[in-house]
Amino acid sequence: MKKLRKYAILLTFPLHLGYLALLLFGPRMDYFYSIVALALLLIDFALSCWQMELFTSQRNKVGVFMHDFFPYLLQKLAVIGVEWLILLINGSGDVLRAELVLLVGVCLTTAGAFLSGLVTFVTGAGRTMLYHDKKR
């Protein structure tokens with residue numbers, strides 16, 4: 001279970017692929033895309049909290065948190081990069097050629113991934129500093 005927690009954010013990768021497949025091959029239902037993007041964002045937040053142990057860890061130095069955050073950040077960037085690579089391949093190398101629905105969908109999930117990463121960083125660093133002050 002500890003090893004799975006270490007790579008938990010990569011569990012969103014199949015969800016991102018499913019979302020892209022839905023955008024590419026699914027029926028045109030814009031409201032459904034928004035619901036799926038919101039669900040993907042919530043799952044991303046939940047897995048980020050679980051992987052970074054935001055509410056259970058007792059790190060007492062920001063350096064230790066940064067050491068744990070860096071692999072998480074690389075994994076998140078890898079998921080986003082592969083998603084954009086699929087968009088580029090689908091658009092024949094030109095992002096502007098991709099359908100607007102697909103482009104907006106990928107931009108939504110990318111913005112959500114950045115938002116969850118930022119919130120995870122701020123929450124983890126703040127909690128680490130609070131725990132450090134409590135230990136004194």
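## T110 and its contacts

Leaving aside neighbours within four places in sequence, T110 is in contact with I80, E83 and W84; contact means heavy atoms within 4.5 Å. This is a predicted model, in which local features need pLDDT of at least 70 and side-chain atom pairs count only at pLDDT 80 or more, while totals for chains, interfaces and linings use all residues. Residues are numbered from 1 along each chain as its sequence is written, and side-chain values use heavy atoms, with hydrogens and water left out.

T110 sits in helix α5, residues 100-135. Its relative accessible area is 10%, so T110 is buried (under 20% is buried, over 50% exposed, partly exposed in between; 1.4 Å probe, protein chains only). Along the chain, T110 and E83 are 27 residues apart. In space, their C-alpha atoms are 8.5 Å apart.

## Overall fold

The protein has five helices and zero strands. Both are DSSP runs numbered from the N terminus: helices are H or I with at least four residues, strands are E with at least two. Read along the sequence, the pattern is α-α-α-α-α.

Of the 136 residues, 35% are buried. Take the contacts with a separation of 6 or more: 75% of them come from residues 24 or more positions apart.

## Helix α4

Helix α4 covers residues 62-90, which makes 29 residues. At 1.5 Å a residue, α4 should span 42 Å; the expected span is 1.5 Å times one less than the number of residues. The end C-alpha atoms are 41 Å apart, which agrees. Helix α4 also has a kink of about 25° at F69, shortly before the proline P71. The bend at a residue is the angle between axes fitted to the seven residues ending there and the seven starting there.

Which residues of α4 are buried? They are F65, F69, Y72, Q75, K76, V79, I80, E83 and L87. An α-helix has 3.6 residues a turn, so residues three or four places apart point the same way.

T109 counts as buried because its relative accessibility is 6%. Beyond neighbours within four places in sequence, T109 is in contact with H16, Y19, L40 and E83. T109 and A37 are 72 residues apart in sequence, with their C-alpha atoms 6.3 Å apart.

S116 is another residue of α5. S116 is buried, with a relative accessible area of 0%. Its contacts, again leaving aside neighbours within four places, are D44, F45, S48, Y72 and K76. The C-alpha atoms of S116 and C49 are separated by 9.3 Å, and the two residues are 67 residues apart along the chain. At 10% relative accessibility, G117 counts as buried. With neighbours within four places left out, G117 is in contact with F69, Y72 and K76. F69 is where α4 kinks. G117 and F69 are 48 residues apart in sequence and 9.5 Å apart, C-alpha to C-alpha.

## The largest pocket

The largest pocket has a volume of about 290 Å³. On a 1 Å grid over the protein atoms alone, a pocket is an open set of points where a 1.4 Å probe fits, with protein on both sides within 12 Å along at least five of seven lines. Its volume is the space filled by probe spheres set on the points, with grid points joined across faces, edges and corners.

What lines the largest pocket? The lining is K2, R5, K6, Y7, Q51, M52, E53, R59, H67, D68, P71 and Q75, residues with an atom within 4 Å of a point. Helices α1 (2-6), α3 (30-52) and α4 each supply at least two lining residues. Helix α4 gives the most, with four. By class, three are nonpolar, three polar and six charged (Ala, Val, Leu, Ile, Met, Phe, Trp, Tyr, Cys and Pro are nonpolar; Asp, Glu, Lys and Arg charged; the others, Gly among them, polar).

## E53 in the lining

E53 is one of the lining residues. E53 is placed in the loop between α3 and α4. E53 is not a glycine, yet its phi is positive, about 50°. Is E53 buried or exposed? E53 is buried, with a relative accessible area of 18%.
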